[in-house]
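Here is a friendly tour of one protein model, written for someone who likes the cut-offs spelled out. Have a look at the structure first, and then read on.

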Amino acid sequence: MTKLVFIRHGQSEWNLSNQFTGWVDVDLSEKGVEEAKNAGHLIKEAGLEFDQAYTSVLTRAIKTLHYALEESGQLWIPETKTWRLNERHYGALQGLNKKETAEKYGDEQVHIWRRSYDTLPPLLSADDEGSAAKDRRYADLDPRIIPGGENLKVTLERVIPFWEDEIAPKLLDGKNVIIAAHGNSLRALTKYIENISDADIMDLEMATGEPVVYDLDEKLNIVSKTKLGK
């Protein structure tokens, strides 16, 4: 059987300060570093060995991957970074404090922005100082596909092509894969491979720094799912 492991990045500085993060490139907090290292310890303890690693182009996910691989003695394995595994883009909400935003717009509205499958947040314009269009890591992308805000539906639509073109072929070839990414990009992948409904996926929580291990058969059907450390 083939192994597939998801890890949501460890706690970030903006997780700690309760801010909407999205594509803003914040670092791990001290606790986040320890969570990432602990993930690596759990991986080593479970005897998991990988052939290929994937992560986003955001620091908190990249560092989580590196800490986890270092702790498990696998820092050498091939690694691919892609914007398609980035966190959901929270548009004009990025940088705002979640509690203060709820006080301004109401708990219900903020809950809809955060948890609705297909409702977009307030969008960020391309000429905004915080737009990803100004970030050189996205310089090679068609400006028309750089988001000003995403919901989970849109996030899934940009994650799944990468799954189908890059990740699934590796798994079908019998390679063990680890993906360190974000709550919503991993939620999108989970929805796809577990065939979770649009309504139910929004109740799925991805804990920071917790390795989720799938055993897959030769057709990539899920044989088992385990959360390490539980």
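## Strand S2 and its partners

Tyrosine 54 has threonine 80 as its bridge partner in S3. That pair belongs to the link between S2 and S3, a parallel pairing with 3 bridges. On S4, threonine 55 finds its bridge partner in alanine 180, and S2 and S4 pair in the parallel sense over 4 bridges. Here, two strands pair if DSSP finds at least two bridges between them. Helices (H or I, at least four residues) and strands (E, at least two) are DSSP runs, numbered from the N terminus.

Is S2 covered on one face or on both? Both faces are covered, with Gln52 and Tyr54 buried on one side and Ala53 and Thr55 buried on the other. Buried means under 20% relative accessible area, exposed means over 50%, and partly exposed lies in between (1.4 Å probe, protein chains only).

## How the model is read

This is a predicted model, in which local features need pLDDT of at least 70 and side-chain atom pairs count only at pLDDT 80 or more, while totals for chains, interfaces and linings use all residues. Residues are numbered from 1 along each chain as its sequence is written, and side-chain values use heavy atoms, with hydrogens and water left out.

S1 (residues 2-8) and S5 (residues 212-216) run antiparallel and are joined by 5 bridges; the partner of lysine 3 in S5 is aspartate 215. Contact means heavy atoms within 4.5 Å.

## Two buried residues

Threonine 82 sits in the loop between S3 and helix H4 (98-105), and counts as buried at 9% relative accessibility. Beyond its neighbours within four places in sequence, threonine 82 is in contact with Thr55, Ser56, Val57 and Phe162. A polar atom of its side chain lies 3.1 Å from the backbone nitrogen of arginine 84.

Lysine 191, in helix H7 (residues 183-194), is buried with a relative accessible area of 10%. Leaving aside neighbours within four places in sequence, the contacts of lysine 191 are Tyr117, Leu156, Ile196, Ser197, Asp198 and Ile201.

## The whole chain

The protein chain has 8 helices and 6 strands, following the pattern β-α-α-β-α-β-α-α-α-β-α-α-β-β along the sequence. Its radius of gyration is 17 Å, close to the 17 Å that the globule rule gives for 230 residues, so the chain is as compact as a globular protein of that length. That radius is taken over C-alpha atoms, and the rule is 2.2 Å times the number of residues to the power 0.38.

Of the 230 residues, 51% count as buried. Among contacts with a separation of 6 or more, 77% come from residues 24 or more positions apart.

Key: A polar contact is a pair of N or O atoms within 3.5 Å; within protein, one must be able to donate a hydrogen and the other to accept it, and residues adjacent in sequence count only if both atoms are side-chain atoms.
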